[in-house]
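Here is a short note for someone opening this entry for the first time. Please keep the structure in view while reading.

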Amino acid sequence: MATETDTREIHIPANLLDELDRYIGDLKIDLNSERRKGYLIQILHKAQSLFGFLPEPLQIIISQKLNISHAEISGVISFYNYFTATPKGRYRISVCMGTACFVKGGEKLLEEFEKFLEIKAGEVTPDGKYSIDALRCIGACGLAPVVMINDKIYGNVTVKQVGDIIEDCLLMEAEA
Amino acid sequence: MIEQVRIVLRNSGLINPEDIDDYISVRGYEALVKCLTESSPEDIIQTVKASGLRGRGGGGFPTGIKWEVTAASESDEKFVICNADEGDPGAFMDRAVLEGDPHSVMEAMTIAGYCIGSSKGIIYIRAEYPLAIERLNTAIAQSYEYGFLGENIFGTDFSFDIELKFGAGAFVCGEETSLIKSVEGKRGEPVVKPPYPAESGLWGKPTLVNNVETYANISPIILNGAQWFRSFGDEKSPGTKVFALAGKVNKVGLVEVPMGTTLRQVIFEVGGGIKNGKEFKAVQTGGPSGGCITSENLDTPITYDNLKAIDSMMGSGGMIVLDEDDCMVNVAKFYLEFSLDESCGKCTPCRIGNTRLWEMLDDITKGRADDNTMEKLEVLCNTIKKSALCGLGQASPNPVLSTMKYFRDEYLEHINDKKCRAGVCKALIDYAINPDKCIGCTLCARNCPVMCIHGEPKKTHVIDQDKCIKCGSCLSSCKFGAVYYS
Ligand SMILES: Cc1cc2nc3c(=O)[nH]c(=O)nc-3n(C[C@H](O)[C@H](O)[C@H](O)COP(=O)(O)O)c2cc1C
Ligand code: SF4
Ligand code: SF4
Ligand code: SF4
Ligand code: FES
């Protein structure tokens, strides 16, 4: 798992920062209005989609741009499950633990992934390649149980397929 | 055979959701034209009231009355919000509507804006629905192009804008006061009502919050009239309801049926019965706020009030079918764990109370509970219900209370006999091999992850109970039915 010091050493690529700047600029936010805060969550979404996570230096940059205290921003990030201040794996394995998936054995899938990769839900493998998360319903309940690797959805997954899915990741990595 | 009736899902799957002309060709935006050019806001509100439409987001509050109250609030600015947070895990009705027919929701929001005197609409949508977000963005852009959104719509002095705001994976943000906090860019912690959003909502201004499915009913009501709408469903619950049928049923997916249809019809006629010929055990409605309904009550006509009377609730429309392989204590524990995870932590009964409840349920599933546990559970459930601040906490004990009421024997079996009849609670079961059935094929031994099954080929195999981790893979691998649990 990443530690506090890791996030401080994080290097934020300038081109991505430019893109974030442009995004914020296009919103034409009135920095003196209380309503500027209404843009915070969408900006955090944008930032996380660009950088993969929301390291502290990035939070501080956003805090300055929006004139919102860093404490408030980090409070918002910790409240919402979707936002993460620590990096995830290159392959984000999300096992759905919504009700439909739960009754079709989602729990067993989660255990199998945990066993296979020797990490727990919420953790990242030491090589930074995989992370596992339990998710609450992605609205694909008809395909339960469902697993997502990054944005790709696998439906009707069985415990036996867990190895194949990891292999899929290796193939994706080879292609990239 | 019960017929599905498609009002909410009238266009889903039939039109191209990315083409506004397709929507227009099925009378899309005709209701908006009619409202803006022929009707006063009061008339429209009267029609919605007369239709008897009730909120589909869970509470079942009469929509017309909500519109009337928000219209009556004096303010220089008001907001119309569409709640597309769809937090109930295992439900995907709203997603289907937004992906399949986004304009139907936007048209209704615009009509609502005209009625209550608002020029600003916001759709609060969960980030987990990227396709729905994309389709909404397309639909909004096309609506501006056609002049169905923007300044002076159809040359009237009514203007309306719609913008998207995103959730970020917090179930409690489906609750309207929490949703409003989230739109304001804050932590989505609920606040005490009153004041209701109708008086003081987003940025302290009067705000109308309705669910996706609620909005999807509006245009057909305007076009066909309140009486037409009332010809479906039941006196106090008119219209239809969309359910997301999931779990151990043959045909999973969305169904839209008139209110008053029975659970049996939905599960056995539309849903094609239980999967793999297993026995029906219960159906869960209302998600983490709801309860489990047993076979005795399968012939109950589905209405807001009937479901409440049998200790469940309509909820947003999730319908999870459970069979003999599901352990009801474990199901209750699952829902509670959900509420506990999603609790915002602001008030003690929800945060601490649910932790204690969960521990007690965990004790039951692990064989550590004693004679007093049932009573303690019940007392604590009722305390949480009475003292939690928002709907999440107040409703969180419901799955526990309903399973305790209808499946008391299963709870007692766990507590007194240390037995789980569904074979789910690992601590309470032992796997064993029946020597009369085992032919010694060795398959189970090869599949056992801890190699604790011993025996020579073609001879009876035996499980070493001390090493067994109860993973169940021997049970699923034996082709001769020799492995069993007790
Ligand atoms: C914990 C909690 C979660 C809720 N989640 C949702 C939701 O996901 N979608 C929704 O439309 N309403 C949800 N509601 C109900 C809303 O607070 C609100 O009543 C509803 O959006 C009003 O719309 P309606 O009258 O059209 O149903 C939730 C309520 C509570 C207490
Ligand atoms: S009941 Fe639970 S979710 Fe609601 S305010 Fe209290 S702690 Fe938060
Ligand atoms: S339950 Fe699992 S660990 Fe136990 S004997 Fe069977 S395969 Fe082996
Ligand atoms: S798989 Fe069944 S038949 Fe084969 S050795 Fe195991 S218990 Fe015996
Ligand atoms: S419960 Fe898993 S996708 Fe809905």
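The points below take the two ligand sites in turn.

1. Keep in mind that this is a predicted model. Every value below is computed from it.

2. Start with ligand 1. It is surrounded by 18 residues. The closest are B:Gly57, B:Asn83, B:Asn210, B:Asn211 and B:Thr214.

3. Look next at the make-up of that shell. Around ligand 1 there are 9 polar, 6 charged and 3 nonpolar residues.

4. Which elements of chain B each supply at least two residues of the shell around ligand 1? They are strand 4 (207-211) and helix 17 (391-395). Strand 4 of chain B gives the most, with 3 residues.

5. An oxygen atom of the ligand lies 2.7 Å from a side-chain N or O atom of B:Thr214. On its own, ligand 1 exposes 610 Å², and the protein buries 87% of that.

6. Turn to ligand 2. Where does ligand 2 sit? Its place is the largest cavity.

7. The shell of ligand 2 holds 13 residues. B:Cys344, B:Lys346, B:Cys347, B:Cys350 and B:Cys390 are the closest.

8. Finish with the classes around ligand 2. The shell has 9 nonpolar, 3 polar and 1 charged residues. For ligand 1, by comparison, the counts are 3 nonpolar, 9 polar and 6 charged.

Conventions:
Residues are numbered from 1 along each chain as its sequence is written. Chains are lettered from A and ligands numbered from 1 in the order in which they are written. This is a predicted model: local features need pLDDT of at least 70, side-chain atom pairs count only at pLDDT 80 or more; totals for chains, interfaces and linings use all residues. Side-chain values use heavy atoms; hydrogens and water are left out. A residue is near a molecule or strand if one of its heavy atoms lies within 4 Å of it. On a 1 Å grid over the protein atoms alone, a cavity is a set of points where a 1.4 Å probe fits but cannot get out, and a pocket is an open set with protein on both sides within 12 Å along at least five of seven lines; lining residues have an atom within 4 Å of a point. A molecule sits in a cavity or pocket if more than half of its atoms lie within 2 Å of its grid points. Ala, Val, Leu, Ile, Met, Phe, Trp, Tyr, Cys and Pro count as nonpolar, Asp, Glu, Lys and Arg as charged, and the others, Gly among them, as polar. A polar contact is a pair of N or O atoms within 3.5 Å; within protein, one must be able to donate a hydrogen and the other to accept it, and residues adjacent in sequence count only if both atoms are side-chain atoms. Accessible areas come from the Shrake-Rupley method with a 1.4 Å probe; for residues, only the protein chains shown count as cover. Helices (H or I, at least four residues) and strands (E, at least two) are DSSP runs, numbered from the N terminus.
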